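Welcome, and get your viewer ready. We will go from one selection to the next and look at what is there.

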Amino acid sequence: MYRELDKKIAIVTGASQGIGSAIADVLVREGATVIVVARNAEAARAKAEALGGDCTFFAADIAKTDQTRELVDFVLNRFGRIDILVNNAGVSRQVDFLDITEEQFDQVVDINLRGTVFLAQKVMAHMIEQNYGRVVNIASMAGERGGLFAGIHYATSKAGVINATKCMAYRGGAHNVTVNAVAPGLIQTAMAEDLKFSTDGIAMGRLGTAEEIGEVVAFLASDRARYITGSTVDVNGGLLMR
Ligand SMILES: NC(=O)c1ccc[n+]([C@@H]2O[C@H](COP(=O)([O-])OP(=O)(O)OC[C@H]3O[C@@H](n4cnc5c(N)ncnc54)[C@H](O)[C@@H]3O)[C@@H](O)[C@H]2O)c1
């Protein structure tokens, strides 16, 4: 334990389960106070209570910009600052390209890409003003190589997240606001169960754990990563090497 994030205020979306929950655990272990964001208020409350300290929760659908605006106002009123934003919430669906409907496409892009962009816009306006911030966007290997398990809407939304990360990094750089993406490979969560991942082709011969994503997010949020921005860090056990 290094306590590298002592007194930092961190928003983590989709933090009531899976990778987001593990990211919250690692950030709190490193000293941060986490605001757990999820659509289900009860699940978010339970996670915030389990995290302890001053951690709290806010129920919001990240695809709804009025709700994410309220989230940012809530955090600023309560804590006076936001140091770290982890855009983790996301959905994945397995649909054949020839079958996908416009509604299905829009729903996934609205959550994974639009939600990420407009929450970051609101938070970064504040971070730029305070001349400090760390934004970490959870992308996916599918955004780099195309969807192996997931549909075109998922893969292209994550490719969009990788590019949006660079655009945000250009805007924040001169203000000490770094923006990076993490591209997980196949990680053991509910999403993995749904998509029925296999370990074929993974150099390390196993799926990753949610905690292994949390450790990389904590590093990118720490002072040790202060000169890294606009990058995408692959955490895939050697499934995709580039
Ligand atoms: N599991 C994997 O192998 C894997 C691989 C690559 C990328 N990812 C990415 O990691 C992130 C977390 O995935 P996970 O595996 O933990 O999945 P998960 O389904 O276990 O968790 C996703 C979380 O996001 C929340 N969420 C979904 N839509 C939301 C919305 N509109 N508003 C607020 N919250 C919402 C869900 O409620 C859930 O808590 C996602 O962005 C996913 O695309 C996962």
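This is a predicted model: local features need pLDDT of at least 70, side-chain atom pairs count only at pLDDT 80 or more; totals for chains, interfaces and linings use all residues.

A residue counts as buried when its relative accessible area is under 20%, as exposed when it is over 50%, and as partly exposed in between.

**Stop 1**

Select the ligand and find the place where it sits, which is the largest pocket. Now colour the elements that give two or more residues to the shell around the ligand: they are α1 (18–29), α6 (152–172) and α7 (190–195).

Next, show the residues around the ligand. How many residues surround the ligand? There are 27, and the closest are Gln17, Asp61, Asn88, Tyr154 and Thr189. If you colour this shell by residue type, you will find 15 nonpolar, 9 polar and 3 charged residues.

**Stop 2**

- Gln17: an N or O atom in its side chain is 2.8 Å from an oxygen atom of the ligand.
- Arg39: here a side-chain N or O atom is 3.2 Å from a nitrogen atom of the ligand.
- Gly185: this time look at the backbone, where an N or O atom lies 3.5 Å from a ligand oxygen.

On its own the ligand has 810 Å² of accessible area, and the protein covers 94% of that.

**Stop 1: two asparagines with positive phi**

Move to the loop between α4 (102–130) and β5 (133–138), and select Asn131 there. Its phi is positive, near 60°, and Asn131 is a residue other than glycine.

Now go to the loop between α6 and β6 (177–184), where you will find Asn176. Asn176 is not a glycine either, yet it has a positive phi of about 65°. Because its relative accessibility is 34%, Asn176 counts as partly exposed.

**Stop 2: Leu240**

Finally, follow the chain to the segment after β7 (232–235) and select Leu240. With a relative accessible area of 21%, Leu240 is partly exposed, since buried would mean under 20%.

Leu240 and Gln121 are 119 residues apart along the chain, and their C-alpha atoms are separated by 30 Å.

Definitions and conventions: Residues are numbered from 1 along each chain as its sequence is written. Side-chain values use heavy atoms; hydrogens and water are left out. A residue is near a molecule or strand if one of its heavy atoms lies within 4 Å of it. A polar contact is a pair of N or O atoms within 3.5 Å; within protein, one must be able to donate a hydrogen and the other to accept it, and residues adjacent in sequence count only if both atoms are side-chain atoms. Accessible areas come from the Shrake-Rupley method with a 1.4 Å probe; for residues, only the protein chains shown count as cover. On a 1 Å grid over the protein atoms alone, a cavity is a set of points where a 1.4 Å probe fits but cannot get out, and a pocket is an open set with protein on both sides within 12 Å along at least five of seven lines; lining residues have an atom within 4 Å of a point. A molecule sits in a cavity or pocket if more than half of its atoms lie within 2 Å of its grid points. Helices (H or I, at least four residues) and strands (E, at least two) are DSSP runs, numbered from the N terminus. Ala, Val, Leu, Ile, Met, Phe, Trp, Tyr, Cys and Pro count as nonpolar, Asp, Glu, Lys and Arg as charged, and the others, Gly among them, as polar. Buried means under 20% relative accessible area, exposed over 50%, partly exposed in between (1.4 Å probe, protein chains only).
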